[in-house]
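Visitor: I would like to go through some of the labels used for this chain and hear what each one rests on.

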Amino acid sequence: MREEALHASDYETFLLGGDLPVRRLGFGAMRITGYGVWGDPENPQEALAVLKRALKLGINLIDTADSYGPATSEDLIAQALYPYPSDLVIATKGGLVRPGRDAWVPVGRPEYLIQCVEMSLRRLRIDRIDLYQLHAIDPEVPLEDSLGALKAMQEQGKIRHIGLSNVSVAEIERARKIVDVVSVQNHYNLRNRHSEKVLDYCEQHQLGFIPWYPIASGDLAQPGGILNAIAKEKESTPVQVALAWLLKRSKVMLPIPGTSSVKHLEENMAAASLELSDQEFAQLQAWKDGGNL
């Protein structure tokens with residue numbers, strides 16, 4: 001992809017929290033870590049190149065978490081991009097610990113979350129986190145206590161906006177009685193639409209909806225399916241079509257496809273300028289789990 005092939009003007013924007021304009025196709029920085037989101041990347045220089053290229057392609061929303069590595073993703077972001085452009089929005093998360101490569105355990109104790117915020121600030125080399133998301137609700141800790149800690153950090157000026165991740169509509173409503181929630185990050189893609197009610201709620205209340213695993217690692221297309229057919233017609237890839245479907249699905253949708261490859265990053269970001277017709281969108285929208293994409 002040539003440098004001039006994709007401009008910031010190709011991206012639609014969303015006003016996150018009412019005051020942060022972000023381009024709707026962002027970058028998820030989970031996959032710049034090692035295998036299993038554990039440790040350092042196999043190719044550190046490529047990981048740094050991906051982050052730098054993301055900004056050159058017009059991305060101004062980067063999503064990460066302290067549990068990616070752990071700590072590795074945040075460290076690499078600072079190494080590659082600090083000092084940051086004035087319009088860059090870095091979203092991070094806390095509240096999951098990693099006792100092992102494939103283990104993700106929620107810890108929502110107030111003192112731990114305060115520590116998480118302080119360490120993310122240090123690693124990212126910033127004084128305030130634009131968007132801090134509770135990575136998961138800890139069933140052993142009252143939500144009021146967990147979010148109360150984040151609210152205290154927000155009042156101290158260390159968090160600008162607060163978001164949630166892996167939650168239901170009922171949990172969002174409960175959380176909004178404690179803090180001002182501006183975004184929700186749930187599992188959602190063309191194949192997995194179990195968070196449809198959450199997305200509808202976010203639309204109704206103008207909350208940003210950040211779908212994690214937005215392209216299901218690219219494992220969406222099957223030979224002869226509608227996704228491949230549309231991709232062929234558009235002279236694009238199935239992944240690009242899947243991302244274009246997300247962007248057309250809702251104006252509050254903020255996909256954050258991640259990769260450890262500059263080539264794949266460029267392919268993903270080309271979806272920002274790919275437009276689906278209403279008929280193509282309807283064909284994909286009508287597809288249900290178990291069908292042939």
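Predicted model: local features only at pLDDT ≥ 70, side-chain atom pairs only at ≥ 80, totals over all residues.

Visitor: What makes α7 roughly perpendicular to α8?
Guide: Helix α7 (residues 226–234) and helix α8 (residues 238–249) pack at an angle of about 100 degrees, their axes 8 Å apart. Angles of 65 to 115 degrees count as roughly perpendicular, so α7 is roughly perpendicular to α8.

Visitor: Which residues meet there, in α7 and in α8?
Guide: From α7 come L227, N228, I230 and A231, and from α8 come P238, V241 and A242. By class, this contact of α7 with α8 has six nonpolar residues, one polar and no charged ones.

Visitor: Why is H135 called buried?
Guide: Buried means under 20% relative accessible area, and H135 has 6%, so H135 counts as buried. H135 is in the loop between β8 (129–134) and α4 (143–155). Beyond neighbours within four places in sequence, the contacts of H135 include Y68, K93, L96 and N166.

Visitor: Why do β3 and β11 count as edges of the sheet?
Guide: The open sheet has seven strands in the order β3-β4-β5-β8-β9-β10-β11, with parallel pairing. β3 (27–28) and β11 (208–212) each have a single partner strand, so one side of each has no neighbour in the sheet.

Visitor: How do you know that β4 and β5 pair?
Guide: Pairing needs at least two bridges, and strand β4 (residues 61–63) has three bridges with strand β5 (residues 89–94), in the parallel sense. I62 stands opposite I90 in β5.

Visitor: What makes E12 and K251 a salt bridge?
Guide: The cut-off is 4 Å between a side-chain nitrogen and a carboxyl oxygen, and for E12 and K251 the N to O distance is 3.3 Å. E12 is in the segment before β1 (13–16) and K251 in the loop between α8 and α9 (262–269), 239 residues apart. By the same cut-off the count comes to 15 salt bridges.

Visitor: Why is E12 called partly exposed, and why is K251 called exposed?
Guide: Exposed means over 50%, and partly exposed lies between that and the 20% limit for buried. E12 is at 41%, so E12 counts as partly exposed. K251 is at 57%, so K251 is exposed.

Visitor: How do you know that K234 and E280 form a salt bridge?
Guide: Their closest N and O atoms are 3.1 Å apart, within the 4 Å cut-off. The pair links helix α7, which holds K234, to helix α10 (residues 278–286), which holds E280. K234 is partly exposed at 26%, whereas E280 is buried at 11%.

Terms used:
Residues numbered from 1 in each chain as written. Heavy atoms only, no water. Axes fitted to C-alpha atoms, helices over the stretch in contact; angles between N-to-C directions. Helix = DSSP H or I, 4+ residues; strand = E, 2+ residues; numbered from the N terminus. Parallel < 35°, antiparallel > 145°, perpendicular 65-115°, else oblique. Contact = heavy atoms within 4.5 Å. Nonpolar A, V, L, I, M, F, W, Y, C, P; charged D, E, K, R; others polar. Buried < 20%, exposed > 50% of the residue type's maximum accessible area, 1.4 Å probe, protein only.
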